[in-house]
Amino acid sequence: MKRTVVIVGTLLLCVGAVAAQQDQVKQTQTMMKGNGKNAGALAAMVKGEKPYDQATVDAAMAQFEDTVKKFPTLFPDSIKGKKPEGDYYASPKVWEDRPGFQEHIASFSKVVADAKGKIKDLDTLKATLPVIGKQCGGCHETYRVKNS
Ligand code: HEC
């Protein structure tokens, strides 16, 4: 009887751990999708598809800042090799080359901090978005893989 309890308990723990990993994979993806959505909204203004809107800019910058803060916890060892459903997943390099990945986080963090509060109109947005975009692309080039 005691043994059954232990086994059931262990099983429950395992199920819990797997669920937590899947949650993390999803959470990471959701965060990155949010970045994509915000960057897309800024790009639409730069392209003239949407009028300049300060609230959209501020919301995007706040979300980038939030991403910077969460980045160090978005890719724990427990989700290495776990692929979310969707178009992209994190390359194993995220875990195999932590220092390189951290460098990209640090440089993204710096660019976001520098840009904070500086985007005031379409001209400043036009000047700043490519600088931010370069950081996104620079990291994705090595650390993001497209599902084929
Ligand atoms: C330090 C590295 C790094 C930086 C900087 C970075 N990303 Fe990502 N991004 C990743 C990784 C790794 C993935 C794959 C993980 C995933 O999709 O779950 C990813 C995935 C994505 C995805 C795909 C989400 C999906 O699965 O559908 C989008 C969109 C995205 N990033 C947008 C951005 C934008 C926009 C920026 C800049 C504002 C940015 N990222 C900055 C590492 C980074």
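Which residues do ring pairs link into a cluster? They are Phe64, Phe71, Phe75, Trp95, Phe101, Phe108 and Tyr143. The views below come from a predicted model, in which local features need pLDDT of at least 70 and side-chain atom pairs count only at pLDDT 80 or more, while totals for chains, interfaces and linings use all residues. Residues are numbered from 1 along each chain as its sequence is written, and side-chain values use heavy atoms, with hydrogens and water left out.

View A. The structure holds 7 aromatic pairs (rings of Phe, Tyr and Trp, the last by its six-membered ring, with centres within 6.5 Å; planes under 30 degrees apart are stacked, over 60 edge-to-face, the rest tilted). For Phe75 and Trp95, the ring centres are 6.1 Å apart and the planes stand at 75 degrees, so this pair is edge-to-face. Phe75 sits in the loop between H2 and strand E1 (88–90), and Trp95 in helix H3, 20 residues apart (helices, H or I with at least four residues, and strands, E with at least two, are DSSP runs numbered from the N terminus). Phe75 also meets Phe101 edge-to-face, with centres 5.3 Å apart and planes at 90 degrees. That partner, Phe101, belongs to helix H4, 26 residues from Phe75. Both Phe75 and Phe101 are buried (under 20% relative accessible area; exposed is over 50% and partly exposed in between, with a 1.4 Å probe and protein chains only).

**View B. The largest nonpolar core has 28 residues.** Such a core is a set of buried Ala, Val, Leu, Ile, Met, Phe, Trp, Tyr and Cys residues joined through side-chain atoms within 4.5 Å. Leu42, Met61, Phe64, Phe75 and Phe101 touch the most other members. Helices H1 (2–46), H2, H3 (93–96), H4 and H5 each supply at least two residues, and the largest share, 7 residues, comes from H2. In soluble globular proteins, nonpolar side chains tend to be buried together. Zooming in on Phe101, its contacts (heavy atoms within 4.5 Å) are Phe71, Phe75, Val94, Cys139 and Tyr143, leaving aside residues up to four places away in sequence.

View C. His140 is found in helix H5.

**View D. Lys116 and Glu65 link distant parts of the chain.** A search of the whole structure finds 4 salt bridges (a side-chain nitrogen of Lys or Arg within 4 Å of a carboxyl oxygen of Asp or Glu). In this one, the closest N and O atoms are 3.6 Å apart. Lys116 lies in the loop between helix H4 (98–115) and helix H5 (122–143), and Glu65 in helix H2 (residues 54–74), 51 residues apart. Lys116 is partly exposed at 49% relative accessible area, as is Glu65 at 28%.

View E. Lys110 is exposed at 54%, whereas Asp114 is partly exposed at 39%.
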